[in-house]
Amino acid sequence: MRRRAVLLSAVILATLAPLAPLAPVVPGCAAAGSAHAALVVEHGDGSVVTRCVAFNAGAISGEELLNESGVAWSSQTFGGFGGAVCALDGEPAHYVDCPGKDSYWAVFVARGGGPWQLASVGISTMTLNDGDAEGFRYVPDAGTPAAPVLPSGVCPTEATPTSRSVAAKTATARPIAGATPTLLATNPSAAATATGSPAASTPTATASAAADVVATATIALSPPPSAPNRTPSGGADPGLILAVGVGSGLAGLAILRLALARRPGP
Amino acid sequence: MTTGRGPSSGDAASHSPYVVGAPALPLRVPLAPRAWLAWSLAAVTIALVTDNPVYRGLVALAALNVLLAWLPPRRRLRPLAVAVAFSAALAALINLLASHTGADVLIRLPDGLPLVGGPLTLESLAFGGALGLGLVAALLSVAPLSLVLEPHDVVDAMPASLERTGIAVATSLNLVSGFGRTFTEVRDAQRMRGWKAGGLRSWNEVLVPTLLTAIEDSVLLAEAMEARAFGAGRRTSYVASGFGRRETIVVAAALAAAVAFVGLRVAGAPMDWYPYPTLSLPPIQPLAVAGCLGLALPAFLPPAFTRIAPPGRPE
């Protein structure tokens, strides 16, 4: 009997062994890879946390990027609507309603170094390729949310990962008016503390940064980005133009056919 | 030139070109039923694989154009249009009243109202509209199977392995309406004999005769089908529906559109639309729009005509 149980366990282990690489990645431990995607989190008080996550797959989901970045977050699922980000990097510290009634985390995406666009899908559905960025901004629940700071410079323009460096973390704080740009810190943990975001300075995140991360932590005291850069792009989408053209043509043709069908015959 | 059986001569402009005894008028050659089946499957797949309202709207418009181009004169679109509009409006209304998420509040109902109490938002109205548009696109996509084709065409379009099952399901569905008719007749007959609806027990006098009549009808139908050699082999047809170049083009365009949509989704392209918490324009892929245009291809096919051979002169 015992021999049969041992045999059965061996069979089960052998069956499950190939699935081991599919196990979820522990948050904070970014996987090595040649592609990069940036994460920008702008808090309600203006402080900003940025991360660059490297990955090997062709694309990464917004949810995976958050997990890989090590930034603490929580969500709530709304059935078929997917999940909503309730708290991110410790903001709000406590919540009852999700999304919050007064403020919420607005989600943005930037493709290939382009400007921010309001995400039209949830983070679990959103896919990010090399050079893309995922942005969050804690905004009041009124009107169109403003975009976070641009993700330029968060990830290296050329993929330069070393054998151990798999993610570059850049923590920046919102500038003080009139201050002169000065490099204040090169230590990721110090930079994380400077952002005032407790979740980013957890022991796990710091240990991960020390072991696996090429840190370019700075407190960027540069002037704030100009207003036009912070708004979603207003450029005409070629897909939208094509869709409007095709839709108008089909609708016009249908109306014409209906009108001809109603006309009495000779 | 082909002779064959078909609708009566007064139906010369219908979808069937084969009319015995009809004058030698040119008649539009219909698309093969299997081409319609493949087109409908592709269109429904696209309508259901995405919840982007732009794609759903384009599929609905393409299907509407195809229906208008191929609808036989004796068939009417109005009942379908009413059903489709009602379904779409109901979906939008339910989502507006039940979902209270979204940044742009239109009106606010008292919180004390069960389910509908709270803010009614522009975003929930838009998402409900997208759901309704999906229903419209799906219903219009399958409409040619009932409005353009005859029931026996649909049965013929099924794969050989499903043919007997299809016939059995079709005849079973016919029995449902027959059961309703029998129920009405028996109830009216019992009323004429002084029966009045009371408690559950009183309905025995209607339900038992209805059930017995339904069983008798089923036995009669089974005997009639057996007498016509049901199950003896593959169904034969006096006129074989050809699968020519037009059918090949239609099926290829429809399948290419469906493959493009599924491929884009598998490749990770943003195919869905989520209006919460703030309304935004749906993401649009030009390839997907081109696929929707390909679905409208049957509406632009140049009509092919045939002439009816005079009766008594077989070829």
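In the predicted model, 29 residues of chain B are in contact with 28 residues of chain A, two residues being in contact if their C-beta atoms, placed from the backbone, lie within 7 Å. On the side of chain B that touches chain A, α2 (53–70) and α9 (286–295) of chain B each supply at least two residues, and α2(B) gives the most, with nine residues; helices (H or I, at least four residues) and strands (E, at least two) are DSSP runs, numbered from the N terminus. By class, this side of chain B has 22 nonpolar, six polar and one charged residues, where Ala, Val, Leu, Ile, Met, Phe, Trp, Tyr, Cys and Pro count as nonpolar, Asp, Glu, Lys and Arg as charged, and the others, Gly among them, as polar. Residues are numbered from 1 along each chain as its sequence is written, and chains are lettered from A and ligands numbered from 1 in the order in which they are written. Because the model is predicted, local features need pLDDT of at least 70 and side-chain atom pairs count only at pLDDT 80 or more, whereas totals for chains, interfaces and linings use all residues.

Chain B comprises 10 helices and four strands, and of its 315 residues 33% count as buried; a residue is buried if 20 or more other C-beta atoms lie within 10 Å of its own, exposed if 12 or fewer, and partly exposed in between, with C-beta atoms placed from the backbone. Among contacts in chain B with a separation of 6 or more, 74% are accounted for by residues 24 or more positions apart. Helix α2(B) is mostly covered, with 16 of its 18 residues buried, and its end C-alpha atoms are 26 Å apart, in agreement with the 26 Å that its 18 residues should span at 1.5 Å a residue, the expected span being 1.5 Å times one less than the number of residues. The largest nonpolar core, with 107 residues, includes B:L58, B:V59, B:A62, B:A63, B:C292 and B:L295 as those with the most contacts inside it; such a core is a set of buried Ala, Val, Leu, Ile, Met, Phe, Trp, Tyr and Cys residues joined through C-beta atoms within 7 Å. Leaving aside neighbours within four places in sequence, B:A63 is in contact with B:A43, B:A137, B:L140, B:S141 and B:A143.

In α3(B) (residues 78–98), B:V84, B:A88, B:A91, B:A92 and B:L96 are buried. Seen down the helix axis, the buried residues of α3(B) fall within an arc of 130 degrees, and therefore line one face of the helix; the arc is that of the directions from the helix axis to the C-beta atoms. These buried residues pack against β3 (118–121) and α4 (122–147) of chain B, whereas B:R78, B:P79, B:V82, B:A83 and B:F86, on the other side of α3(B), are exposed.

In chain A, strand β9 (residues 133–140) is mostly covered, seven of its eight residues being buried. Strand β1 (residues 35–42) of chain A runs parallel to β9(A), joined to it by five bridges, and A:E42 stands opposite A:R137. Strand β6 (residues 103–110) of chain A pairs with β9(A) in the antiparallel sense over eight bridges, with A:V107 opposite A:F136; two strands pair if DSSP finds at least two bridges between them.

Most residues other than glycine have a negative phi, and most peptide bonds are trans. A cis peptide bond, with omega about -10 degrees, joins A:E91 and A:P92.
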